[in-house]
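Q: I am new to this structure. Can you walk me through how to read it?
A: Take a look first, and then we go feature by feature.

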Amino acid sequence: MDYKYLLVEDKGDGVKLVTINKEKSLNALNSEVLKELSDCFLKLDKCQETKVIVLTGAGKAFVAGADISEMSPLSAAEGYAFGKLGMDVFMQVERNSKPVIAAVNGFALGGGCELSLSCDIRLASTKAKFGQPEVGLGITPGFGGTQRLIRAVGPGMAKELIYTANIINAEEALRIGLVNHIYEPEELLDQAIKLAKTIASKAKLAVKYAKSAINNGIQADIETGMEIERTSFGLCFATEDQKEGMKAFLEKRNPEFKNR
Ligand code: CO8
């Protein structure tokens with residue numbers, strides 16, 4: 001996969017590393033980058049060999065937000081359309097059939113924080129900084145921040161971050177549950193890939209069904225959520241990997257999953 005602003009690397013064992021590589025503008029998301037992300041995540045979704053995706057940024061930023069120079073002249077209708085473009089791409093990340101791990105190496109501001117929120121798991125380097133600075137620019141979050149941040153850290157904390165535009169460090173992000181773990185900068189990618197490989201070693205379809213059950217269930221009432229889980233659980237029994245996983249346990253050996 002050849003892109004102007006993305007690097008896609010095969011890290012082995014079904015793990016792909018996607019790096020947003022627009023270092024000069026701190027990986028700010030303009031329409032071109034968003035379109036490349038869309039194409040890339042669509043292809044990785046369909047790629048049989050890919051089991052887990054790690055997403056990071058080149059240089060000192062994960063993503064320093066949507067591109068302010070592209071947004072500044074927009075009309076209300078154009079702002080709506082730009083917001084929709086970003087939201088659609090982030091939805092592709094969130095709904096990707098493969099788990100996506102954000103390795104947040106530096107600034108994750110505005111659209112960058114929102115991109116990390118559309119990933120399944122966030123890991124941070126000690127240098128990571130998170131925030132939704134939009135109200136300081138005269139806009140609201142526009143790539144899903146008002147919706148996903150409340151689900152990640154609760155409405156009170158999300159409202160404080162959004163209303164104040166405060167930028168928080170990795171320790172604070174860990175404290176409020178925005179990230180799962182913090183690592184030294186030189187360890188971050190290795191740890192993210194290690195985590196990705198652990199997930200990739202499990203039954204691929206079971207991980208896929210678990211992801212969709214969690215993502216769909218979190219939007220639903222508990223009864224609907226339980227039905228979603230029952231359906232996913234039932235579907236697993238139609239897979240070869242369920243037969244192999246349980247047979248291997250009973251035979252006291254490691255399973256050899258075929259991802260079927
Ligand atoms: N957009 C465009 N360019 C950017 C952005 C950005 N978001 N962030 C940084 N850059 C550029 C700078 O302009 C600078 O360019 P140049 O070298 O040509 O002057 C280059 O990147 C390096 O940046 P700095 O010199 O500012 O680097 P510092 O280390 O001094 O500061 C900061 C780093 C603190 C991250 C600083 O760059 C900053 O505050 N950036 C903006 C952060 C921000 O406000 N992000 C939110 C943007 S709004 C948003 O994301 C909304 C999403 C929803 C949109 C919905 C649309 C309808």
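A: Start with Asp13. Asp13 counts as exposed because its relative accessibility is 57%. Exposed means over 50% relative accessible area, buried means under 20%, and partly exposed lies in between (1.4 Å probe, protein chains only). Asp13 sits in the loop between strand E1 (6-10) and strand E2 (15-20). Helices (H or I, at least four residues) and strands (E, at least two) are DSSP runs, numbered from the N terminus.

Q: What kind of model is this, and how are residues numbered?
A: This is a predicted model, where local features need pLDDT of at least 70, side-chain atom pairs count only at pLDDT 80 or more, and totals for chains, interfaces and linings use all residues. Residues are numbered from 1 along each chain as its sequence is written, and side-chain values use heavy atoms, with hydrogens and water left out.

Q: What is the phi of Asp13?
A: Phi of Asp13 is near 55°, a positive value in a residue other than glycine. Leu26 also has a positive phi, near 55°. Leu26 belongs to the loop between E2 and H1. With 25% relative accessibility, Leu26 counts as partly exposed.

Q: How are two packed helices described?
A: By the angle between their axes and the distance between the axes. Axes are lines fitted to C-alpha atoms, for helices over the stretch in contact, and angles run from 0 to 180 degrees between N-to-C directions. Take H1 and helix H3 (residues 76-94): the angle is about 25°, and the axes are 9 Å apart. That makes H1 roughly parallel to H3. Angles under 35 degrees count as roughly parallel, over 145 as roughly antiparallel, 65 to 115 as roughly perpendicular and the rest as oblique.

Q: Is the crossing of H1 and H3 left-handed or right-handed?
A: H1 passes H3 in a left-handed crossing. Left-handed means that the near helix is turned anticlockwise from the far one by less than a right angle; right-handed means clockwise.

Q: Which residues of H1 and H3 meet?
A: Contact means heavy atoms within 4.5 Å. From H1 come Ser31, Leu34, Leu37, Ser38, Phe41 and Leu42; from H3 come Phe82, Leu85, Gly86, Val89, Phe90, Gln92 and Val93.

Q: How do helices H5 and H6 cross?
A: The axes of H5 (residues 145-153) and H6 (residues 155-164) come within 7 Å and cross at roughly 135°. That makes H5 oblique to H6. The crossing is right-handed. Gly154 is in the loop between H5 and H6. Gly154 is buried, at 18% relative accessible area.

Q: Which residues have the most contacts inside the largest nonpolar core?
A: A nonpolar core is a set of buried Ala, Val, Leu, Ile, Met, Phe, Trp, Tyr and Cys residues joined through side-chain atoms within 4.5 Å. The largest has 44 residues, and those with the most contacts inside it are Leu37, Leu55, Leu115, Phe130 and Leu178. Helix H1 (residues 31-46) gives the most to this core, with 6 residues.

Q: What does Leu55 touch?
A: Not counting residues up to four places away in sequence, the contacts of Leu55 include Val18, Leu37, Phe62 and Leu115.

Q: Is Ser116 buried or exposed?
A: Ser116 counts as buried, at 0% relative accessibility. Ser116 lies in helix H4 (residues 111-117). Beyond four places in sequence, Ser116 touches Phe62, Ala102, Val104, Arg122 and Phe130.
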